[in-house]
Amino acid sequence: MLVSAKEMLEKAREGKYAVGQFNINNLEWTKSILLTAQEMNSPVILGVSEGAGKYMTGFKTVAAMVDAMVDSLGITVPVALHLDHGTYEGCYKCIEAGFSSIMFDGSHYPIEENIEKTKELVKLCSEKGLSLEAEVGSIGGEEDGVVGMGECADPDECKSIADLGVTMLAAGIGNIHGKYPANWPGLSFETLAAVKEKVGNMPLVLHGGTGIPADMIQKAISLGVAKINVNTECQLSFADATRKYIEAGKDLEGKGFDPRKLLAPGSEAIKETVREKITLFGSANKA
């Protein structure tokens with residue numbers, strides 16, 4: 001059974017650890033992440049971008065697959081199915097499809113419009129028992145064709161959004177999607193501390209978890225981050241393991257092409273990445 005992310009994030013905030021959101025792109029990724037979370041007794045959030053949802057033929061297909069997989073695999077740890085960087089329209093589609101958590105990314109709107117649209121979604125999510133993530137300050141890099149420059153959030157604007165009753169808040173603190181460049185100056189902990197002071201106990205979200213040094217991750221958690229998103233690292237590990245398998249010629253074996261064997265090394269690589277992140281975030285044995 002899918003659950004809201006609210007309780008797991010409140011526990012993480014109080015326990016000074018973070019729950020990992022691992023984005024899914026197909027059945028194999030979903031299976032690997034769920035099995036690893038179960039193995040490590042960790043709550044987990046499955047993130048779905050609008051592009052990934054479209055690739056998997058729609059949000060209803062995704063919700064049905066994840067719900068059935070949780071049941072078939074005997075998953076007992078808390079699992080939230082979460083729309084990642086959702087549009088206003090996308091949020092409504094995911095609510096209808098059966099997601100248990102959504103993110104409305106209104107960071108590209110003027111703050112007044114972000115507030116109004118978020119307010120509507122807070123009411124609807126509250127009625128349906130879903131968790132809602134909002135964003136203030138653009139996250140750098142590219143996400144489904146939307147490019148952000150990584151602006152730091154305004155703490156007062158963060159408070160305006162937090163006061164609407166959202167479950168969690170993603171505040172831009174210099175983090176980016178994808179690989180971090182060599183000249184990246186690092187996270188702005190000054191901004192994070194100022195946001196924390198304004199929003200109090202609101203669980204905070206760190207996007208772009210791939211490539212952030214472990215000491216920065218730990219400091220961010222100490223300043224209120226309770227959810228950390230990981231996508232690029234899983235993509236890279238999956239692609240690298242699959243490439244090595246193909247180059248070794250093991251996918252042929254004289255009997256033709258078997259996609260299950262081709263995808264197996266990448267799936268195992270994702271499991272190892274998820275294990276490493278769950279350990280770093282401190283969420284193992286917290287389910």
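Four bridges join strand β4 to strand β5, and the two strands run parallel. The model described here is predicted. Within this pairing, F104 stands opposite A134 of β5.

**Strand β5**

Strand β5 spans residues 131-136 and is mostly covered, with six of its six residues buried. In a regular strand the side chains alternate between the two faces of the sheet. In β5, S131, E133 and E135 point one way, while L132, A134 and V136 point the other way. The residues of both sets are buried.

In soluble globular proteins, nonpolar side chains tend to be buried together. In this model, the largest nonpolar core has 77 residues. Helix α4 contributes the largest share of this core, namely seven residues. The residues with the most contacts inside the core are L81, F99 and L169. Leaving aside residues up to four places away in sequence, L81 touches L2, I24, L46, V48, V62, A63, V66, F99, S100 and S101. Two of the residues with the most contacts, L81 and F99, therefore touch each other, since contact means heavy atoms within 4.5 Å.

**Aromatic pairs and rings**

How many aromatic pairs does a search of the whole structure find? The search finds five. One of them is formed by F59 and F99: the ring centres are 5.6 Å apart and the planes lie at 85°, so the pair is edge-to-face. This pair links distant parts of the chain, 40 residues apart. F59 belongs to helix α4 (residues 59-72), whereas F99 lies in the loop between α5 (88-97) and β4 (101-104). Both F59 and F99 are buried.

Y88 and Y92 form another edge-to-face pair, with 5.3 Å from centre to centre and 70° between the planes. Both residues lie in helix α5, four residues apart, which is about one turn of the helix. Their accessibility can be compared with the cut-off for burial, which is under 20% relative accessible area. Y88 has 16% relative accessibility and therefore counts as buried. Y92, at 34%, counts as partly exposed.

Y88 and Y92 also belong to one aromatic cluster together with F104 and Y109. F104 is the residue that stands opposite A134 in β5. The charged end of K117 sits over the ring of Y88, 5.3 Å from the ring centre. K117 also lies over the face of Y109, at 4.9 Å from the centre of that ring.

**Salt bridges**

Side chains of opposite charge can pair when their charged atoms come close. The count for this model comes to 16 salt bridges. Three of them are set out below.

| Salt bridge | N to O distance |
|---|---|
| E127 and K123 | 2.7 Å |
| E233 and K277 | 2.9 Å |
| E268 and K271 | 3.3 Å |

E127 and K123 both lie in helix α6 (residues 111-128), four residues apart, or about one turn of the helix. Are these two residues buried or exposed? E127 has a relative accessible area of 53% and is therefore exposed. K123 is exposed as well, with a relative accessible area of 54%.

The side chains of E233 and K277 form a salt bridge with their closest N and O atoms 2.9 Å apart. This pair links distant parts of the chain, 44 residues apart: E233 is in helix α10 (residues 232-247) and K277 is in helix α11 (residues 259-281). Both E233 and K277 are buried.

Helix α11 also holds E268 and K271, which lie three residues apart, about one turn of the helix. E268 has a relative accessibility of 44% and so counts as partly exposed. K271, by contrast, is buried, with a relative accessible area of 17%. Elsewhere, salt bridges that share partners join D240, R243, K244 and E247 into one network.

Terms used. Residues are numbered from 1 along each chain as its sequence is written. This is a predicted model: local features need pLDDT of at least 70, side-chain atom pairs count only at pLDDT 80 or more; totals for chains, interfaces and linings use all residues. Side-chain values use heavy atoms; hydrogens and water are left out. A salt bridge is a side-chain nitrogen of Lys or Arg within 4 Å of a carboxyl oxygen of Asp or Glu. Buried means under 20% relative accessible area, exposed over 50%, partly exposed in between (1.4 Å probe, protein chains only). Rings of Phe, Tyr and Trp (its six-membered ring) pair if their centres lie within 6.5 Å; planes under 30 degrees apart count as stacked, over 60 as edge-to-face and the rest as tilted. A charge sits over a ring if NZ of Lys or CZ of Arg is within 6 Å of the ring centre and within 35 degrees of the ring normal. A nonpolar core is a set of buried Ala, Val, Leu, Ile, Met, Phe, Trp, Tyr and Cys residues joined through side-chain atoms within 4.5 Å. Two strands pair if DSSP finds at least two bridges between them.
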